[in-house]
Amino acid sequence: MKILLTAGPTREPIDAVRYIGNRSSGQMGAAIASNAVDEGHEVTLICGPVTVEMPDVTKRIDVETAEEMRRAVITEFPQHDLLIMAAAVADYTPVSILSTKLPRHDTFALELKATPDILLEVGDMKQSHQRTVGFSLEIAGNLHRSRGKLIRKKLDLIVYNPTETMNASNVTAVLLWPDGREERPDEMSKWEFARLLMARSVELFSK
Ligand code: C5P
């Protein structure tokens, strides 16, 4: 199978030296990539600025911003069977970017705008032979928000995980399918979870 995988955070520049980022390390993406490679899949990895080492994959594209990640995903998706969006894409980006270093002031107001929703766009490009899997990092108990994203982004599977998962080595996740099915595996390492997710992703093609 040809798998397109995104991993890590994105960085949204504020000025020549500063950016808005998040605490995503890329650990989950790395675990999914090595499981997929071990199982003999072709993996294209679109990678934000990760802080963990990524395994060798068929093709790696390094990006920084949500817009760069969007362009890479839109270009690569038609050549792949499965997209797994494990990246923690920034939800907001500055309205304007200063080309020099902003001097220090007593207060500073930054105007932000929403980034393009990559999965939403991919949902409209998806062909009948393709499947998409998303992640949804939510405050504990907000499973209904994940279900909303599953439907809105036309995903075949979404992984709900509580915010504590970011940058941790274990996950307590819930898998949700559009037909209402749920799976609640015990807390496990990201490595074990990646293996379970690969198995569930492959199953999506037999339905
Ligand atoms: O940020 P949110 O909770 O909506 O993320 C849910 C899923 O959507 C994740 O898989 C994430 O990678 C993806 N996403 C995206 N484009 C964005 C924000 C999130 O594709 N701008």
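Is Leu112 buried, partly exposed or exposed, and what is its relative accessibility? In this predicted model, Leu112 has a relative accessibility of 38% and therefore counts as partly exposed.

Leu112 sits in strand β8, which covers residues 112-114. Together with Tyr92, Phe108 and Leu110, Leu112 makes a nonpolar surface patch of about 380 Å².

## The largest pocket

The largest pocket in the model has a volume of about 940 Å³. It is lined by 42 residues, and those closest to the pocket centre are Ala87, Ala88, Val89, Phe135 and Leu137. Sorted by class, the lining of the largest pocket holds 20 nonpolar residues, together with 14 polar and 8 charged ones.

The greatest contribution to the lining of the largest pocket is that of β9, which gives 5 residues.

## Salt bridges

By the distance rule applied here, the count comes to 16 salt bridges. One of the salt bridges joins Glu76 to Lys59, with 2.7 Å between the closest N and O atoms. This pair links distant parts of the chain, as Glu76 lies in helix α2 (residues 66-76) and Lys59 in strand β5 (residues 59-62), 17 residues apart. The two partners fall into separate accessibility classes: Glu76 is buried, at 8% relative accessibility, whereas Lys59 is partly exposed, with a relative accessible area of 38%.

Another salt bridge is formed by the side chains of Arg60 and Asp62, at an N to O distance of 2.9 Å. Arg60 counts as partly exposed, given its relative accessibility of 40%.

Within helix α2, Arg70 and Glu67 are 3 residues apart, so that about one helical turn separates them. Arg70 and Glu67 also form a salt bridge, in which the closest N and O atoms are 2.9 Å apart. Glu67 is partly exposed, with a relative accessibility of 28%. Through salt bridges that share partners, Glu67, Arg70, Arg71 and Glu121 are joined into one network.

## A positive phi at Lys154

Most residues other than glycine have a negative phi. Lys154, which is not a glycine, has a positive phi near 55°. The residue is found in the loop that runs between α4 (143-152) and β10 (157-162), and Lys154 counts as partly exposed because its relative accessibility is 41%.

## Glutamates and separations along the chain

The C-alpha atoms of Glu187 and Asn170 are separated by 6.7 Å, while the two residues are 17 positions apart along the chain.

Glu39 lies in the loop between α1 and β4 (42-47) and is partly exposed, with a relative accessible area of 41%. Between the C-alpha atoms of Glu39 and Met198 the separation is 9.0 Å, with the two residues 159 apart along the chain.

Glu192, for its part, is located in helix α5, which spans residues 190-203, and Glu192 counts as partly exposed at 38% relative accessibility. For Glu192 and Cys47, which are 145 residues apart along the chain, the C-alpha atoms are separated by 21 Å.

Terms used: Residues are numbered from 1 along each chain as its sequence is written. This is a predicted model: local features need pLDDT of at least 70, side-chain atom pairs count only at pLDDT 80 or more; totals for chains, interfaces and linings use all residues. Side-chain values use heavy atoms; hydrogens and water are left out. Helices (H or I, at least four residues) and strands (E, at least two) are DSSP runs, numbered from the N terminus. Buried means under 20% relative accessible area, exposed over 50%, partly exposed in between (1.4 Å probe, protein chains only). Patches are made of residues with over 30% relative accessible area and no salt bridge: like charges are joined within 9 Å, nonpolar side chains (Val, Leu, Ile, Met, Phe, Trp, Tyr) within 5 Å. Accessible areas come from the Shrake-Rupley method with a 1.4 Å probe; for residues, only the protein chains shown count as cover. A salt bridge is a side-chain nitrogen of Lys or Arg within 4 Å of a carboxyl oxygen of Asp or Glu. On a 1 Å grid over the protein atoms alone, a cavity is a set of points where a 1.4 Å probe fits but cannot get out, and a pocket is an open set with protein on both sides within 12 Å along at least five of seven lines; lining residues have an atom within 4 Å of a point. Grid points are joined across faces, edges and corners, and a volume is the space filled by probe spheres set on the points. Ala, Val, Leu, Ile, Met, Phe, Trp, Tyr, Cys and Pro count as nonpolar, Asp, Glu, Lys and Arg as charged, and the others, Gly among them, as polar.
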